[in-house]
Each structure stands twice: as structure tokens, then as C-alpha cells.
Amino acid sequence: MQEPIITINGNYLSVAQSMAVRVALNAFLMELQNDSEALGEDSHGKFMCRAYKSRMKEIFAMINDRERTSGDR
């Protein structure tokens, strides 16, 4: 797997740092998928859980798209 290129405030993360971010996002996504009340039992917590899952799925789609297109080169 080729790690994503991630920049924070104009600074490029190393491959190891990018891997750490990807793994942390994946672990958080798995936690939210396994517990829909992980961010609270009220409507706000459930809304935030759905919102975070949606954003992380978008991020992983970009990572997977990059892998697919870079493999064609």
C-alpha cells in the first residue's frame, strides 16, 4: 500500500507519519462503526458519529482512488 501524501499547514508528513494518521483514522472509523453511541447517546452525539463516519469514508475513498490511479502509471 502506498501511503497518502498528507500536508499539515504546508508541511508534508513523512511516510511513517502518513501511515500513523491513516491507521488512527481507520481505528476511529472502526470504533464509530461498532458503536453508534460512541460520541454520546443524545441526538448531537449520534449526528456527530454519522458525520465523522461520512467524512472518514470520503478520505478513504480518496486514498483508494490515489492507489488505483498511481498503479496505472
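Trainee: Which residues gather in a patch of negative charge on the surface?
Mentor: Glu31, Asp35, Glu41 and Asp42 form that patch. Keep in mind that this is a predicted model.

Trainee: Where does Glu31 sit?
Mentor: Glu31 belongs to helix 1, which covers residues 15-34.

Trainee: Let's step back. What order do the elements run in?
Mentor: From the N terminus, the order is β-β-α-α. That comes to two helices and two strands.

Trainee: How much of the chain is buried?
Mentor: Buried residues are 19% of the 73 residues. The chain exposes about 5,400 Å², and carbon and sulfur atoms supply 54% of that area.

Trainee: Okay, salt bridges. How many are there?
Mentor: The count is three. One of them joins the side chains of Arg22 and Glu3, at 2.8 Å from N to O. This pair links distant parts of the chain, 19 residues apart. Arg22 is in helix 1, and Glu3 is in the segment before strand 1.

Trainee: Why is Arg22 called buried?
Mentor: Arg22 has a relative accessible area of 16%, and buried means under 20%. Glu3 is buried too, because its relative accessible area is 10%.

Trainee: What does Lys46 pair with?
Mentor: Lys46 forms a salt bridge with Glu37, with the closest N and O atoms 3.6 Å apart. Glu37 is partly exposed at 35% relative accessibility. Lys46 is partly exposed at 33%.

Trainee: And Arg55?
Mentor: Arg55 forms a salt bridge with Glu58, and the closest N and O atoms are 2.9 Å apart. Both residues lie in helix 2, three residues apart, or about one turn of the helix. Arg55 is partly exposed at 44%, and Glu58 is partly exposed at 41%.

Trainee: New topic. What does Cys49 touch?
Mentor: Leaving out residues up to four places away in sequence, Cys49 touches Leu32, Asp35, Ser36 and Leu39. Cys49 is in helix 2, residues 43-70. Its relative accessible area is 1%, so Cys49 is buried.

Trainee: How far apart are Cys49 and Ser36?
Mentor: They are 13 residues apart in sequence and 6.5 Å apart in space, C-alpha to C-alpha.

Trainee: Last one. What is the phi of Asn9?
Mentor: Phi of Asn9 is near 50 degrees, a positive value in a residue other than glycine. Asn9 lies in the loop between strand 1 (7-8) and strand 2 (11-12). Asn9 counts as exposed, at 77% relative accessibility.

Technical notes
Residues are numbered from 1 along each chain as its sequence is written. This is a predicted model: local features need pLDDT of at least 70, side-chain atom pairs count only at pLDDT 80 or more; totals for chains, interfaces and linings use all residues. Side-chain values use heavy atoms; hydrogens and water are left out. Helices (H or I, at least four residues) and strands (E, at least two) are DSSP runs, numbered from the N terminus. Buried means under 20% relative accessible area, exposed over 50%, partly exposed in between (1.4 Å probe, protein chains only). Accessible areas come from the Shrake-Rupley method with a 1.4 Å probe; for residues, only the protein chains shown count as cover. Contact means heavy atoms within 4.5 Å. Patches are made of residues with over 30% relative accessible area and no salt bridge: like charges are joined within 9 Å, nonpolar side chains (Val, Leu, Ile, Met, Phe, Trp, Tyr) within 5 Å. A salt bridge is a side-chain nitrogen of Lys or Arg within 4 Å of a carboxyl oxygen of Asp or Glu. Lys and Arg count as positive and Asp and Glu as negative; His and the chain ends are not counted. The place of a charge is taken as NZ of Lys, CZ of Arg, CG of Asp or CD of Glu.
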